[in-house]
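Thanks for coming, everyone. Let me put the structure up, and then we'll walk through it.

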Amino acid sequence: DGYEYTQYNPYTTTGRPSNRFQSINYAALNKEDGSRERFISRFPKGKLVEMDFDAYHIRLIADVLNHKLPDGSVHEYLGRQYFDKDVLTKAEYNESKEISFRILYGGVPKEFMQIEFFAQVDKLIKELWSQFNAEKHIPTYLFKRPMYKRVLSNMTPQKLFNYYIQSLETESNISILSKINKVMQRYQSKLVLYTYDSFLFDFDLSDKEIFIKEVIESSKFPMKLKHGYNYNNMMDIEHELKTAN
């Protein structure tokens with residue numbers, strides 16, 4: 001019928017849903033081999049619109065820690081502290097992203113403890129690990145779902161924290177998607193793919209930009225936007241939306 005379908009399994013160890021149909025993982029389609037080109041809009045003059053959270057896991061953990069992050073680029077904000085300079089080169093910006101993800105998912109080295117955000121992250125990791133061992137479980141942050149020690153084997157402090165982040169991401173997205181679904185009832189556009197830190201919409205141009213703006217307003221976290229006539233060739237539209245505002 002011209003459509004492809006996928007299945008989500010929410011019953012995973014981390015609580016982060018897996019995504020597949022037969023042998024295809026639609027959440028990890030290759031960006032380089034052209035396999036995304038076949039995905040196009042169902043609408044005669046439609047486009048695909050992707051909304052991608054900016055530095056999502058960092059912002060989620062900052063929210064848990066009640067740590068205020070700037071409205072602009074998080075990677076630039078942290079990069080200025082890594083490199084001790086006010087203006088980053090493009091190479092330094094890209095390196096800043098790599099450093100942040102390495103610290104967040106791999107543990108906080110001593111040389112980065114002077115950065116307040118990561119000192120707080122390190123403290124949270126230790127607190128979660130202590131609670132996990134003392135009470136034999138920790139609750140997820142938003143839905144308070146217990147993550148039991150008897151189920152999560154071979155845990156380490158950092159691995160437990162990574163599971164905690166993934167559960168936080170999923171539960172935050174469920175809350176956001178609940179709001180988005182209410183918005184979508186008034187429009188023709190469809191949400192067609194969920195990929196953890198981004199949502200892909202089949203956008204009917206008759207819905208106009210008001211639909212996109214209402215979807216963006218469903219989340220308190222900043223989003224980057226792309227659009228295209230197929231899923232392989234997507235272009236940044238953040239500037240266009242700002243101009244329209």
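First, a term: rings of Phe, Tyr and Trp (its six-membered ring) pair if their centres lie within 6.5 Å; planes under 30 degrees apart count as stacked, over 60 as edge-to-face and the rest as tilted. With that in hand, look for the cluster. Ring pairs join Tyr8, Phe53, Tyr56, Tyr194, Tyr196, Phe199 and Phe221.

Some ground rules. This is a predicted model, where local features need pLDDT of at least 70, side-chain atom pairs count only at pLDDT 80 or more, and totals for chains, interfaces and linings use all residues. Residues are numbered from 1 along each chain as its sequence is written, and side-chain values use heavy atoms, with hydrogens and water left out.

Back to the rings. The aromatic pairs number 16. Take Tyr26 and Phe39: their ring centres are 6.1 Å apart and their planes stand at 75°, so this pair is edge-to-face. Both residues lie in the loop between strand E2 (18-20) and strand E3 (47-53), so the pair ties together parts that are 13 residues apart in sequence. Helices (H or I, at least four residues) and strands (E, at least two) are DSSP runs, numbered from the N terminus. Tyr26 and Phe39 are both buried. Buried means under 20% relative accessible area, exposed over 50%, partly exposed in between (1.4 Å probe, protein chains only).

Next, Phe117 and Phe118. Their ring centres are 5.1 Å apart and their planes at 65°, so this pair is edge-to-face too. Phe117 is buried, at 1% relative accessible area. Phe118 is buried as well, at 0%.

Now the helices. How do H4 and H5 pack? Helix H4 (residues 116-135) and helix H5 (residues 157-184) meet at an angle of about 100°, axes 9 Å apart. Axes are lines fitted to C-alpha atoms, for helices over the stretch in contact, and angles run from 0 to 180 degrees between N-to-C directions. H4 and H5 are therefore roughly perpendicular, a label for angles of 65 to 115 degrees. In contact terms (heavy atoms within 4.5 Å), H4 brings Val121, Leu124, Ile125, Leu128, Trp129 and Phe132, and H5 brings Pro157, Gln158, Leu160, Phe161 and Tyr164.

Last stop: charges over rings. The rule is NZ of Lys or CZ of Arg within 6 Å of the ring centre and within 35 degrees of the ring normal. Lys144 has its charged end over the ring of Tyr141, 5.3 Å from the centre. Arg150 does this over Tyr148, at 4.5 Å.

Note on methods
Angles under 35 degrees count as roughly parallel, over 145 as roughly antiparallel, 65 to 115 as roughly perpendicular and the rest as oblique.
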